[in-house]
Amino acid sequence: MDARVTNAVNYPAIGQGRGVTEPHWDKTVDVSIENVVRVFGSTAALHGVSLDIAAGELVALLGPSGSGKTTLLRILAGLDEPTSGRVLFDGEDALKLTVQERNVGLVFQNYALFRHMTVLENIGFGLRVRPWSRRPSRKEIKHRALELLDLVQLSGLEKRFPSQLSGGQRQRVAFARALAIEPRVLLLDEPFGALDAKVRRDLRRWLLEMHNKTGHTTVFVTHDQEEALELADRIVVMSEGRIEQIGTPDEIYDRPNSPFVYSFIGESSMLPVRIEKGKAWIDGHSLDLSVDDLVSGPAQLFFRPHDVEVGDDLAGAIPATVQGVRRHGGARRLDLAVVGRDDRVEIELPADFGVEISGPIAVRPRRYRVFPAPAQALSN
Amino acid sequence: MSDAAIAPLLVSETRGPAVTTERLPVRIILITVGVTFLILFLLLPLAAVFVEAFRAGLGAYVAAITEPDAVAAIKLTLLVAAIAVPANVIFGLAASWAIAKFDFVGKSMLNTLIDLPFSVAPVISGVIYVLLFGLQGIFGHWLQGHHVQIIFALPGIVLATIFVTFPFVARELVPLMQEQGTLDEEAALSLGASGWQTFFKVTLPNIRWALLYGVVLCNARAMGEFGAVSVVSGHIRGKTNTMPLHVEILYNEYNFAAAFAVASLLALLALITLVIKITLEWRYADQIAASRRH
């Protein structure tokens, strides 16, 4: 675990209300999700999801729409209840707590700022609505809200209304508002989804800084892999209500463990192959790939377009002809037709690599995975 | 294509009038028709109300609106509105909250039923209550046995008024609340606010102008309602006569000056309502539901 994960919440904790001990959390919690199932009517949004999140960790729930990531986040927040399963905060059953008692900081894609309140009133809201015994004084609330405004680098905007702020500023106010209640967990639902690309990049960096400073356990939902790869300590890739893979960004990107993760994260090329006698074959060519313990039959070879070596006579390589060449940023994209097959694959080579159209080329993936072909492909 | 047809297009490029702008004679005719209708059917009658009201002099005017039966009618009208409007605010809030924020069986049914009073003739709304609570009505016998009088008394007038006016608040709030969704409420709850705190600090402020708009319209209708109230009121002078009914009685007695004097109060109410309505529409257009039906 890297250095920025700490348990300490660095900003000063708030006073003790009006002399009554308030249950305030200066520590963020670890979160345990055990076999959570959520069924809506006759369709299951989550099929038994289990996940452990360490205190102070920044975890991304990544998946396409309908993968169940938002449902999981809402269950953590207490805005939805699982059909079965358990959710623990520091080992304590969180499902027994109402959304109010759960004390989580929620940030929405559309900010959900209260439009009739100023920035300062928005940030102080969570403190103002506390029961009298735990409510800080008016002065203290203001002081605290100003402090948070400073933390999110918006000092001077306290009297503005949300409609007078840019999208990025609104999201930072929403963030400050969520931090004001000293949340045990921060839950961000597509926090940068409504912002344009430039602001989104800036805010990502900003979020990392914030996380370094405050050290809250943070779970954020996103469908943007770039965002997940850049921000998260760990990424949870979800698809159709199941967790496909959990891992660090490097693990997820370099060692995807399923065809879904391969095709969802980053770019990938897929080529149908056959496994026989412990080797992968394309027509008559045996490929120099380790296929370990795969059973004989149709299979799929996945690799990253840029993770290949090419040559004219590489042993055990895929024989192909160049169909097209395109410039792609600092590199060149080649469309290849596998010899004797209809299959096309795409690879990426340095821009200075000389290629001729229709010329032969042999390609050998450097990093790859071979998966058994799904049932659908078997019937073809 | 003739030159005349091309000319406006050329003009529109340089000076900017929209291509949909009509030629001058057409515009004059359209505006004349519109203004004539406005004067004939709205301004003239309105002016007539005030002219007739003051025809017999200021003294007669004051006398007409301060004589005991008129005062009783004014009081009754205010009382009915004071009961019916808050009742409709509560109903409107509850119904639009339910429709906008929850999914339940029969939701579209409820949504449709709210509009029912708009499509039912007010007289029928009055007759419904007579059939239910009148002496010959379904509950009439039981009510008489318990000495509860609904028809030809205040409760009947209030019921009929509520029935006629109940779409006004709900109709304003439903589209707005649907558009606003539940995100703000979820945010408030997650920040620790209780249900009531969420309602009073978040939901209500979000809809306050639309609510006020609905209340103004509801109030105008409640005070001006004639048909439904006429059926259930019994027209007992000084007791169950509302202002519109009082106007009718005076008029039928050929007491035109007094009739118009009381009518002028109603007309004044209409004007005040109009001003508030326009102000709200101008100032808070974005916060008032987009569907303008009335």
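**A facing pair and its surroundings**

Modeller: A:Ile275 stands opposite A:Gly297, a residue of β14(A). Before going further, please note that residues are numbered from 1 along each chain as its sequence is written, and that chains are lettered from A and ligands numbered from 1 in the order in which they are written. This is a predicted model, in which local features need pLDDT of at least 70 and side-chain atom pairs count only at pLDDT 80 or more, while totals for chains, interfaces and linings use all residues; side-chain values use heavy atoms, with hydrogens and water left out.

Strand β11 of chain A, residues 269-276, and strand β14 of chain A, residues 297-303, are joined by seven bridges and run in the antiparallel sense (strands are DSSP E runs of at least two residues and helices H or I runs of at least four, numbered from the N terminus; two strands pair if DSSP finds at least two bridges between them). Both strands belong to an open sheet of five, whose order in chain A is β13-β12-β11-β14-β20, with antiparallel pairing. At its edges are β13 (285-287) and β20 (368-372) of chain A, each of which pairs on one side only. From one strand to the next the twist averages 45° (axes are lines fitted to C-alpha atoms, for helices over the stretch in contact, and angles run from 0 to 180 degrees between N-to-C directions).

Chain A also holds an open sheet of six strands, in the order β6-β7-β8-β3-β9-β10, and here the pairing is mixed. Its edge strands are β6 (104-107) and β10 of chain A, each pairing on one side only, and its twist averages 15° from one strand to the next. Within this sheet, β9 (residues 234-239) and β10 (residues 242-247) of chain A run antiparallel and are joined by five bridges, with A:Val237 standing opposite A:Gln245 of β10(A). The hairpin that they form has two residues between the strands, and there A:Glu240 takes a positive phi near 50°.

Apart from neighbours within four places in sequence, A:Leu51 is in contact with A:Val31, A:Ser32, A:Ile33, A:Leu61, A:Val236, A:Ile243 and A:Ile246 (contact means heavy atoms within 4.5 Å). The C-alpha atom of A:Leu51 is separated by 19 Å from that of A:Leu79, 28 residues apart along the chain.

B:Ser264 is buried because its relative accessible area is 1%, and beyond its neighbours within four places in sequence B:Ser264 is in contact with B:Val49, B:Phe50, B:Ala53 and B:Tyr61. Helix α3 of chain B, residues 58-66, packs against α15(B) at an angle of about 75°, the axes being 9 Å apart. α3(B) is therefore roughly perpendicular to α15(B) (under 35 degrees is roughly parallel, over 145 roughly antiparallel, 65 to 115 roughly perpendicular and the rest oblique). Where they meet, α3(B) contributes B:Tyr61, B:Ala64 and B:Ile65, and α15(B) contributes B:Ala258, B:Ala261, B:Val262, B:Ser264 and B:Leu265.

Over all chains the structure holds 20 aromatic pairs (rings of Phe, Tyr and Trp, the last by its six-membered ring, pair if their centres lie within 6.5 Å; planes under 30 degrees apart are stacked, over 60 edge-to-face and the rest tilted). One of them joins B:Trp196 and B:Phe199 edge-to-face, at 6.4 Å centre to centre and 85° between the planes. Both residues lie in helix α12 (residues 195-224) of chain B, three residues apart, about one turn of the helix, yet B:Trp196 is exposed at 65% relative accessibility, whereas B:Phe199 is buried at 14%. The pair of B:Tyr251 and B:Phe256 is tilted, because the ring centres are 5.0 Å apart and the planes are at 55°; B:Tyr251 is partly exposed at 44%, and B:Phe256 is partly exposed at 34%. Ring pairs also link B:Phe91, B:Tyr129, B:Phe133, B:Phe139, B:Phe163 and B:Phe166 into a cluster.

Technical notes. Buried < 20%, exposed > 50% of the residue type's maximum accessible area, 1.4 Å probe, protein only.
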